[in-house]
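Subject: Structure handover

Hello,

Here is the structure I promised to pass on. Please open it beside this email; my notes follow below.

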Amino acid sequence: MADRLDVGGVLNGLPSWREEPGDRPAIRRDLKFADFNAAFGFMTRVALWADKADHHPEWSNVYDRVQIVLTTHDAEGVTDRDVALARFIDEAAAAAGGR
């Protein structure tokens, strides 16, 4: 099992993310893209990376918007796995024009 990290410390290194309110430690990012195709293309790229890493986001998509929540369920909090996925998401979002 992965070690839990302090959410505040994690967010210092991930300026586009914020703490997800609720009863479990998690981080969140909301993105907007040019259109549905850009949003879906971004999600596809992230899905392929996440599947290889065996670490999957909680997310939703409505047209040009994508909401992402990251937490590691078996650690009951945020771990290095979430940080790695968040960094990849930031790179993929920038490449796809997400903001």
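In which helix does aspartate 82 lie? It is helix H3, which covers residues 80-95. Bear in mind that this is a predicted model.

Aspartate 82 is buried, yet it has no salt bridge. The nearest side chain of opposite charge belongs to arginine 81, 7.5 Å away. A salt bridge needs the two groups within 4 Å. The side chain of aspartate 82 does reach the backbone nitrogen of threonine 79, at 2.9 Å. Beyond residues up to four places away in sequence, aspartate 82 touches His55, Leu70, Thr71, Thr72 and Gly77.

Helix H3 also holds aspartate 90. Leaving aside neighbours within four places in sequence, aspartate 90 is in contact with Leu14, Ser16, Trp17 and Arg29.

Next, the backbone. Most residues other than glycine have a negative phi. Aspartate 54 has a positive one, near 55°. Aspartate 54 sits in the loop between helix H2 (36-53) and strand E3. Is aspartate 54 buried or exposed? It counts as exposed, because its relative accessibility is 54% and the cut-off is over 50%.

Tyrosine 63 is not a glycine either, and its phi is positive at about 50°. Tyrosine 63 lies in the loop between strand E3 (58-62) and strand E4 (65-70). With Phe36, Phe40 and Val62, Tyr63 makes a nonpolar surface patch of about 430 Å².

Best wishes

Notes: Residues numbered from 1 in each chain as written. Predicted model: local features only at pLDDT ≥ 70, side-chain atom pairs only at ≥ 80, totals over all residues. Heavy atoms only, no water. Helix = DSSP H or I, 4+ residues; strand = E, 2+ residues; numbered from the N terminus. Buried < 20%, exposed > 50% of the residue type's maximum accessible area, 1.4 Å probe, protein only. Lys, Arg positive; Asp, Glu negative; His and termini not counted. Polar contact = N/O pair within 3.5 Å; in protein donor to acceptor, adjacent residues only side chain to side chain. Contact = heavy atoms within 4.5 Å. Patch = residues over 30% accessible without salt bridge, like charges linked within 9 Å, V, L, I, M, F, W, Y side chains within 5 Å. Areas by Shrake-Rupley, 256 points an atom, 1.4 Å probe, with all protein chains shown as cover.
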